[in-house]
Amino acid sequence: MEKALRTMIDNMPEKTGKSLNEWKAVLKTKSFTKHSEGINFLKKEYGVTHGFANTIVTLSKEENNSPTDLVDQQYKGKENLIPIYEAFLNVVKSLGDDVTITPKKTTVSIIRKKQFALIKPATKTRIDLGIKIKDKPTTDRLESSGPFGSMCTHRVQLIDATQVDAELKTWLTEAYERAT
């Protein structure tokens with residue numbers, strides 16, 4: 001399990017008033033058709049912050065899958081992309097201790113107080129990285145968000161770990177700094 005996620009789970013009782021298992025029990029009494037409905041329920045009814053609510057709902061839905069299992073499933077048949085994913089994680093982890101890495105079924109969300117990046121194996125040869133940097137002009141490399149829609153403002157297509165470079169780190173740092 002990622003260190004940031006483990007820390008978030010360990011801090012959950014102090015920060016939210018309940019442990020992850022207690023939150024799972026609360027959610028079992030409800031039936032949500034969308035992920036966002038569960039998040040909004042926890043935020044409105046219990047005052048849980050977005051980051052904790054997202055993690056609780058994600059881990060409640062994926063009860064039989066650990067975060068590592070979810071990532072393994074995303075890259076099954078796409079193992080050649082793992083070095084890109086790992087290089088990206090190294091950069092994200094260097095941004096600050098308040099970064100939460102939340103694997104989901106098809107993507108991995110990168111959250112500070114708000115989600116600021118999203119990584120997804122798009123094809124067998126490419127990872128799409130969504131970044132949220134409002135009002136940042138697009139470039140040949142820093143494209144419009146494409147398939148990420150409103151979740152992110154930009155997309156960077158990665159086909160090699162060397163593309164996780166200083167320029168990409170600058171964009172991720174800017175997105176991280178704005179995610180407050």
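This is a predicted model: local features need pLDDT of at least 70, side-chain atom pairs count only at pLDDT 80 or more; totals for chains, interfaces and linings use all residues.

Trainee: Which residue does Arg112 bridge to?

Mentor: Arg112 pairs with Asp98, and their closest N and O atoms are 2.7 Å apart. This pair links distant parts of the chain, 14 residues apart: Arg112 sits in the loop between strand 2 (108-111) and strand 3 (115-121), and Asp98 in the loop between helix 6 (82-93) and strand 1 (100-103). Helices (H or I, at least four residues) and strands (E, at least two) are DSSP runs, numbered from the N terminus.

Trainee: What does Arg141 pair with?

Mentor: Arg141 forms a salt bridge with Glu167, with 2.7 Å between the closest N and O atoms. The two are 26 residues apart and link distant parts of the chain, Arg141 being in the loop between strand 4 (127-131) and strand 5 (143-144) and Glu167 in helix 7 (residues 166-178). Glu167 is partly exposed, at 40%.

Trainee: And which residue meets Glu143 in a salt bridge?

Mentor: That is Arg155, at 3.0 Å from N to O. Glu143 lies in strand 5 and Arg155 in strand 6 (residues 154-158), 12 residues apart. Glu143 is partly exposed at 22%, whereas Arg155 is buried at 14%. Both residues belong to a salt-bridge network that also includes Arg126 and Asp128.

Trainee: Changing topic: at what angle do helix 2 and helix 4 cross?

Mentor: The axes of helix 2 (residues 20-28) and helix 4 (residues 50-61) come within 10 Å and cross at roughly 75°. Helix 2 is therefore roughly perpendicular to helix 4. Axes are lines fitted to C-alpha atoms, for helices over the stretch in contact, and angles run from 0 to 180 degrees between N-to-C directions. Angles under 35 degrees count as roughly parallel, over 145 as roughly antiparallel, 65 to 115 as roughly perpendicular and the rest as oblique.

Trainee: Which residues make the contact?

Mentor: Helix 2 contributes Leu20, Trp23, Lys24 and Leu27, and helix 4 contributes Ile56, Val57, Leu59 and Ser60. Contact here means heavy atoms within 4.5 Å.

Trainee: Where is Ser60 relative to Leu27?

Mentor: Ser60 and Leu27 are 33 residues apart in sequence and 7.5 Å apart in space, C-alpha to C-alpha. Ser60 is buried, with a relative accessible area of 19%. Leaving aside neighbours within four places in sequence, Ser60 is in contact with Lys24 and Leu27.

Trainee: How many aromatic pairs does the structure hold?

Mentor: It holds four aromatic pairs. One of them is Trp23 with Tyr46, edge-to-face at 5.0 Å centre to centre and 85° between the planes. Rings of Phe, Tyr and Trp (its six-membered ring) pair if their centres lie within 6.5 Å; planes under 30 degrees apart count as stacked, over 60 as edge-to-face and the rest as tilted.

Trainee: Is Trp23 buried or exposed?

Mentor: Trp23 is buried at 1%, whereas Tyr46 is partly exposed at 38%. Together with Phe41, Trp23 and Tyr46 form one aromatic cluster.

Trainee: Last one: what does Thr123 contact beyond its neighbours within four places in sequence?

Mentor: Thr123 is in contact with Lys78 and Leu81. Thr123 is found in the loop between strand 3 and strand 4 and is partly exposed at 28%.

Definitions and conventions. Residues are numbered from 1 along each chain as its sequence is written. Side-chain values use heavy atoms; hydrogens and water are left out. A salt bridge is a side-chain nitrogen of Lys or Arg within 4 Å of a carboxyl oxygen of Asp or Glu. Buried means under 20% relative accessible area, exposed over 50%, partly exposed in between (1.4 Å probe, protein chains only).
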